[in-house]
Amino acid sequence: MSTILLIEQTLNGLQFGVMLFLMAAGLTLIFGVMGLINLAHGSLYMVGAFAAAGVAAWTGSFVLALAASLVAAAVAGVIVEMVVIRRLYDRDHLDQVLATFALILIFSEGTRWAFGSFPLFLDTPDWLSGTVMLPFGIEYSRYRLAIILVGLAVAAGLFWMIARTRIGIRIRAGENDREMIGALGVNISRLYTLVFALGAALAGFAGALIGAIQSVQVGMGEPVLILAFVVIVIGGIGSIKGAFIGAILVGLTDTLGRFLLPLAFGLIMEPSAATSVGASLASMAIYILMAGVLLFRPQGLFGARAA
Amino acid sequence: MRRETLLNAAVLALLLAVPLWAQATDEPFTITLATRAVILAIAGVGLNVALGLGGLVSLGHALFFGVGGYAMGILAFHAQSYTTLIDWPVTIEGTKSMPVIWLVAVLASALAALGVGALSLRTTGVYFIMITLAFAQMFYFFAISWPAYGGEDGMSIYVRNGFPGLNTMDPIQFFAVCFGLLLLVLLIVWRLSRSPLGLMLGAARQSEARVQALGQVPYRLYLTAFVISGAITGLAGALFADLNRFVSPTMFSWQTSGEIMVFVILGGVGRVFGPVAGAALFIVLEHSLGGLSEFWHIYLGAILLGVVLFARGGLYGLLAGRERAHD
Amino acid sequence: MTDPVLDIRGLNKSFGALRASQDIDLTLHPGEIHALIGPNGAGKSTLIQQIAGGLRPDSGQVIFDGRDVTGLSTAARARLGMGRTFQISALAMDYTVLQNAVLGALGARGGVYRFFRPVMRDADLLARARAALDTVGLTEFQALRTSELSHGQRRQLEVAVALTLSPRVFLMDEPMAGLGADGSRRLMEMLDDLRAQAPILLIEHDMDAVFALADRISVLVYGQIVATGTVDEIRANAEVRTAYLGEEEDA
């Protein structure tokens with residue numbers, strides 16, 4: 001096992017974690033401010049990816065494609081919030097789960113109807129293709145490195161927004177006391193739509209970025225959604241910091257588990273058995289991590305309360 | 001008689017009449033559809049123990065459905081390939097006997113529910129939803145990556161398992177087996193809902209503080225309900241696998257979890273017979289809408305959305321009125 | 001004097017800078033009603049929660065029947081015989097009145113983990129539940145859904161459920177709150193009799209009720225017990241008058 005390979009895999013884990021953060025941040029904000037569990041968040045991820053693939057095919061510009069993913073997901077988010085989600089804030093979690101599950105069905109089949117069942121492809125532009133040389137002679141994918149940097153920049157921007165801006169203050173106020181901000185004269189309805197649109201845009205952006213690595217297809221959002229849930233359970237609900245730490249933990253655990261576990265079992269087993277046992281265990285690693293957190297800190301690493 | 005009782009009788013009668021009529025007119029496919037409805041109804045009745053009685057929004061019941069399915073698949077696979085399941089410390093062989101398979105499916109899924117429940121029930125509310133969903137996904141990925149039993153492709157069982165004295169390959173006889181089990185499960189859940197445990201569980205759902213002040217530990221009540229719930233859904237999984245003579249990781253998927261929940265909601269949460277009506281309605285919708293458009297899930301989604309936003313209480317809420325506080 | 005049923009020793013509880021309970025000592029003896037009074041925010045609810053098990057004190061002990069229960073859960077304390085009524089009704093609102101009472105009887109008898117026998121056909125439980133409903137005067141409403149009861153009736157049902165437990169001690173958190181004059185009088189008569197069954201720790205705002213019923217009164221102000229004594233002693237206590245009864249007495 002070479003150190004270079006290990007570093008490369010660590011970077012991959014970081015890249016995966018940063019993407020999960022974009023999903024989890026929106027989910028945790030929406031839960032924190034509006035008390036809503038949104039299963040359709042994965043659909044917004046998908047909307048972003050499809051919008052990017054469509055615009056890229058049409059204009060050939062990757063930057064326009066990314067912009068389109070943000071706009072399309074945010075617009076979809078606003079529409080969904082105003083038509084459906086708004087009616088769910090006062091409902092119990094069961095109704096929220098069911099209604100947003102219904103939204104998944106509508107989004108997925110609608111997209112299949114519009115784009116067909118075949119996956120689309122979103123190509124990385126030339127200026128992001130190939131590899132870069134990092135210090136110590138590590139050769140790494142330029143695009144993945146860009147994702148890490150962009151993701152970290154978005155994370156930093158989000159932290160800054162929540163800590164320093166007026167909208168951030170309102171979001172924090174909303175998390176602490178929902179009635180209070182109404183009493184302070186903040187237009188709650190508009191704040192909620194805005195937060196939902198922000199979460200949607202982050203999800204759509206993540207979908208577009210990942211769409212260039214994997215294929216763009218119906219159903220791509222839900223596995224990521226469930227991983228984002230694992231992130232939130234680990235990090236603690238409503239906490240952006242928790243979402244960030246949780247996302248990086250999950251990204252690293254998953255990627256390094258897939259890389260290291262088969263190697264580790266290779267020390268005590270024959271290669272083919274080691275590969276299959278290692279791969280099976282690796283597929284469960286993040287859930288085992290989640291179970292461990294539940295055992296010792298049911299409210300999550302940064303969760304203040306058991307919601 | 002109360003309207004709800006009448007409705008219960010009507011649902012069961014309809015579920016029985018359709019396959020009998022199909023048998024008379026030689027429409028085996030319709031019998032299979034009815035069998036599917038019956039099996040999915042059992043899964044829904046199982047979930048309803050957690051959801052309706054205990055108020056536990058489990059979005060991971062596909063886990064138990066899948067465990068039941070794989071219990072059947074693994075036992076039958078070893079029986080049909082004449083291999084042993086394990087050799088050490090005792091030799092365990094596969095089997096093609098339905099009763100044995102059901103027992104294993106029920107025990108295995110109960111055990112899974114005990115483990116998953118013990119962890120998930122440390123939390124409540126939205127955490128519980130996310131965690132149950134995540135654990136089901138863990139089993140899904142495990143089933144995909146574990147090559148011994150078909151991995152991603154799943155595995156086929158060539159001949160349906162046997163039940164003493166019956167020819168289970170005959171659709172109507174297999175239907176009868178499943179229908180009998182549905183009746184049994186309904187009886188158990190109906191008695192459970194009126195038992196001391198059912199009363200206390202419902203009280204925990206409404207007020208945990210009350211139940212604690214009565215000396216009861218909500219966690220234990222919930223866990224008991226969760227295990228019973230998982231075991232019943234596991235039984236449905238074994239039957240479902242037998243119906244299709246095929247198991248695959250799809251049984252563990254989040255869509256399956258969602259659909260089981262949809263049966264409960266379409267019928268009416270907390271009504272013992274609700275999921276039966278819901279599963280039957282689901283099959284009817286799937287069949288009629290599926291004939292209309294290949295994208296029938298859009299309509300299903302719209303209907304579900306309508307039920308959640310405007311007709312809480314589902315079919316039973318519409319037809320039988322508000323649930324009566326029974327005595 | 002007999003040994004106290006309930007003996008609170010040196011209880012402390014803080015929330016950040018707020019000291020909700022400071023060195024609280026309190027006893028409850030057989031046959032007595034011990035009323036706990038104090039202005040809003042004095043820490044009465046915090047105290048009763050620590051006694052019932054919902055909150056863990058930072059330091060101090062709760063001795064119940066000679067046994068240290070400080071480390072026990074709410075459920076365990078309930079099983080030992082603490083019967084509690086809630087300030088905000090914690091009833092099963094979808095159940096009938098009778099079902100709520102049966103629930104209490106079931107909790108007291110045990111055997112909750114029985115899956116198959118209809119609980120509402122259990123003659124033993126029904127008798128116990130009906131007796132309690134009879135005591136509080138809810139018999140004619142037993143088939144009603146609890147959510148359909150009036151506020152006062154819910155209070156009565158709270159007490160009835162506590163009765164079915166046949167507890168060793170009653171912890172009552174403002175049972176008269178929101179009751180009309182009629183309801184209050186009925187409940188007072190009931191509590192008056194009840195103390196023979198088991199002593200009552202009574203948190204109450206209604207001063208007339210407290211002075212009429214209580215054998216002893218403790219006054220809680222800013223998390224501290226400033227005085228404990230008989231009705232007359234408390235009436236005469238200058239500290240209580242200034243700290244609690246306030247200006248209207250001076251005016």
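These legends accompany close-up views of a predicted model.

**View 1. Chains A and B share the most contacts of the 2 pairs of chains in contact.**
The contact takes 39 residues from chain A and 36 residues from chain B. On the chain B side, helix H5 (125–145), helix H10 (254–267) and helix H12 (296–310) each supply at least two residues. H5(B) gives the most to this side, with 14 residues. By class, the side of chain B that touches chain A has 27 nonpolar, 8 polar and 1 charged residues.

**View 2. Chain C meets chain B.**
Here 23 residues of chain B are in contact with 32 residues of chain C. Helix H2 (74–80) and helix H3 (97–109) of chain C each supply at least two residues of the side that touches chain B. H3(C) gives the most to that side, with 7 residues. The side of chain C that touches chain B divides into 20 nonpolar, 6 polar and 6 charged residues.

**View 3. Chain A and chain C do not touch.**
The nearest C-alpha atoms of chain A and chain C are 15 Å apart. Chain B, by contrast, has contacts with chain A and with chain C.

**View 4. Helix H10 (residues 240–266) and helix H11 (residues 271–296) of chain A pack against each other.**
Their axes are 7 Å apart, at an angle of about 155 degrees. H10(A) and H11(A) are therefore roughly antiparallel to each other, as angles over 145 degrees count as such. The crossing of H10(A) and H11(A) is right-handed. From H10(A), the residues in the contact include A:Leu249, A:Val250, A:Thr253, A:Asp254, A:Gly257 and A:Arg258. Among those from H11(A) are A:Pro271, A:Ala274, A:Thr275, A:Val277, A:Gly278 and A:Ala279. The residues of the contact of H10(A) with H11(A) divide into 15 nonpolar, 5 polar and 2 charged.

**View 5. Two spans of chain A are listed by UniProt under "transmembrane region" (unreviewed entry).**
The UniProt list for chain A includes residues 191–213 and 225–252. Over residues 191–213 of chain A, the chain is 91% helix and 0% strand. The end C-alpha atoms of residues 191–213 are 34 Å apart. Over residues 225–252 of chain A, the chain is 86% helix and 0% strand. The end C-alpha atoms of residues 225–252 are 17 Å apart.

Residues 126–149 of chain B are 83% helix and 0% strand, with end C-alpha atoms 34 Å apart. Residues 219–240 of chain B are 100% helix and 0% strand. The end C-alpha atoms of residues 219–240 lie 31 Å apart.

**View 6. Domain 1 and domain 2 of chain C are in contact.**
The domain assignment of chain C gives domain 1 (1–81 + 168–251) and domain 2 (94–166). Taken over C-alpha atoms, 26 Å separate the centres of domain 1 and domain 2 of chain C. The contact takes 8 residues from domain 1 and 9 residues from domain 2. Helix H6 (residues 181–194) of chain C gives the most to the domain 1 side, with 3 residues. By class, the side of domain 1 that touches domain 2 has 4 nonpolar, 3 polar and 1 charged residues.

Key. Residues are numbered from 1 along each chain as its sequence is written. Chains are lettered from A and ligands numbered from 1 in the order in which they are written. This is a predicted model: local features need pLDDT of at least 70, side-chain atom pairs count only at pLDDT 80 or more; totals for chains, interfaces and linings use all residues. Two residues are in contact if their C-beta atoms, placed from the backbone, lie within 7 Å. Helices (H or I, at least four residues) and strands (E, at least two) are DSSP runs, numbered from the N terminus. Ala, Val, Leu, Ile, Met, Phe, Trp, Tyr, Cys and Pro count as nonpolar, Asp, Glu, Lys and Arg as charged, and the others, Gly among them, as polar. Domain bounds come from an automatic or database domain assignment. UniProt positions are given in the numbering used here, feature names are shortened, and annotations may be inferred rather than shown by experiment. Axes are lines fitted to C-alpha atoms, for helices over the stretch in contact, and angles run from 0 to 180 degrees between N-to-C directions. Angles under 35 degrees count as roughly parallel, over 145 as roughly antiparallel, 65 to 115 as roughly perpendicular and the rest as oblique. A crossing is left-handed if the near helix is turned anticlockwise from the far one by less than a right angle, and right-handed if clockwise.
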